[in-house]
Amino acid sequence: MFGLNHYKVKPQVSSTVWTSFVWCMCLVVFEHILRRLFKLDAVQNLSPILQSQRNTQIIARHIGTDFAAAIMCSYLGLTVKNGGLGAIWKSLKNPMDADKYKKARKGYKKRMWAYSPEGFRVFVFFFAYQFKNLWDAYVWDDGPEFIFHHTVSIVTSWSGMYPGVGQIYAVFFMGLSEISTATLVLLANFDPTLGVEGLAEAFPVTKIVCAVAFVVTFVACRNVMWPYAGWHYWKDTWEALGNPKDKKAKETEWILKRTLFVLISLTFLQFVWLGQIFVMGYQEIQKM
């Protein structure tokens, strides 16, 4: 399930579904273990806010499911040799060399269509995480925007596995970059709408630590590294779509266009969110 030995050969659909189900069940177990821990007197005595069952269930969800799943995805991306951006750089034969770069760019087929055990494994765990996310969004009535996000993520990750598109890129986009999601879901606990009202006032130092960790990881992963990886994915996609002899591109044209649209939209939104982060940060400083 976790080791690359299980992914040397592309798994059958039934195997992927079963692995995803098992990981979803693991997340359910993690969440319920935390729910039990929050019932301990030692934990509830830390603050009256933690004596509310609903409050502890919200925190358990964010940590037991969201944080655990995001950390797993980022771990799988970080521990890959030449993973993420390194794999892209290596496949392009050093983008700083114009001649080598131009020649390597024509080798987009390896990056777009080749089976990657590391990338496929990341897709599996990301897919399972988003499926659990979708269920939680429905149960907790998070709103249509979250339902939409998780649905798009499920479709995108499944397309990456079957028929298989851009698996080398999954190591970064669904793997390494999820470290920023891990810090975000911890910070979400302190949001009065998505988290627990009053938790920020009860644990102000913890909130500041989570906020700083989120800003650092978000800027590094989503505003610095993401555009680099996104640019190369965009170039490879257009190489594929512009090659009339590429049968694979013809078969997956809709997938390529849809994924590219999602990538461009998300890249744009992440810079909008960066602006919001600075505004909210300034407002928080003014309150101090």
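## Fold and basis

Helices are DSSP runs of H or I with at least four residues, strands are E runs of at least two, and both are numbered from the N terminus. The model is predicted, with local features needing pLDDT of at least 70 and side-chain atom pairs pLDDT 80 or more, while totals for chains, interfaces and linings use all residues. Residues are numbered from 1 along each chain as its sequence is written, and side-chain values use heavy atoms, without hydrogens or water.

The protein has 14 helices and zero strands. Its radius of gyration, taken over C-alpha atoms, is 20 Å, close to the 19 Å from the globule rule for 288 residues, so the protein is as compact as a globular protein of that length. That rule is 2.2 Å times the number of residues to the power 0.38. The C-alpha atoms fill a box of roughly 65 × 45 × 35 Å along the principal axes.

## Burial and contacts

Buried residues (under 20% relative accessible area; exposed is over 50%, partly exposed in between; 1.4 Å probe, protein chains only) make up 47% of the 288 residues. The accessible surface (Shrake-Rupley, 1.4 Å probe; for residues, only the protein chains shown count as cover) comes to about 15500 Å². Carbon and sulfur atoms hold 68% of that surface.

Contact means heavy atoms within 4.5 Å. Among contacts between residues at least 6 apart in sequence, 78% join residues at least 24 apart.

Helix α14 covers residues 253-287. Its expected span is 1.5 Å times one less than its number of residues. For 35 residues that gives 51 Å, and the end C-alpha atoms are 51 Å apart, which agrees. Buried residues of α14 include I255, L256, R258, L263 and I277. Their cover includes α6 (108-113), α8 (144-164), α9 (167-176), α12 (204-241) and α13.

T252 sits in the loop between α13 (247-251) and α14. T252 counts as buried because its relative accessibility is 3%. Leaving aside neighbours within four places in sequence, T252 is in contact with W113, P163 and V165.

P163, a contact of T252, lies in helix α8. The peptide bond from Y162 to P163 is cis, with omega near 10°. Most peptide bonds are trans.

S159 is also found in helix α8. S159 is buried, with a relative accessible area of 8%. Residues up to four places away aside, S159 touches G164, V165, I255 and R258. I255 and R258 are among the buried residues of α14.

## Helix α10

Helix α10 (178-188) is mostly covered, with eight of its 11 residues buried. These are E178, S180, T181, A182, T183, V185, L187 and A188. They pack against α3 (53-78), α7 (117-139), α9 and α12.

## Exposed sites

D141 lies in the loop between α7 and α8. Phi of D141 is near 55°, a positive value in a residue other than glycine. Most residues other than glycine have a negative phi. D141 is exposed, with a relative accessible area of 65%.

V29, F30, I33, L37 and L40 make a nonpolar surface patch of about 430 Å². Patch residues have over 30% relative accessible area and no salt bridge; like charges are joined within 9 Å, nonpolar side chains (Val, Leu, Ile, Met, Phe, Trp, Tyr) within 5 Å. A salt bridge is a side-chain nitrogen of Lys or Arg within 4 Å of a carboxyl oxygen of Asp or Glu. L40 is in the loop between α1 (13-37) and α2 (41-44). At 45% relative accessibility, L40 counts as partly exposed.
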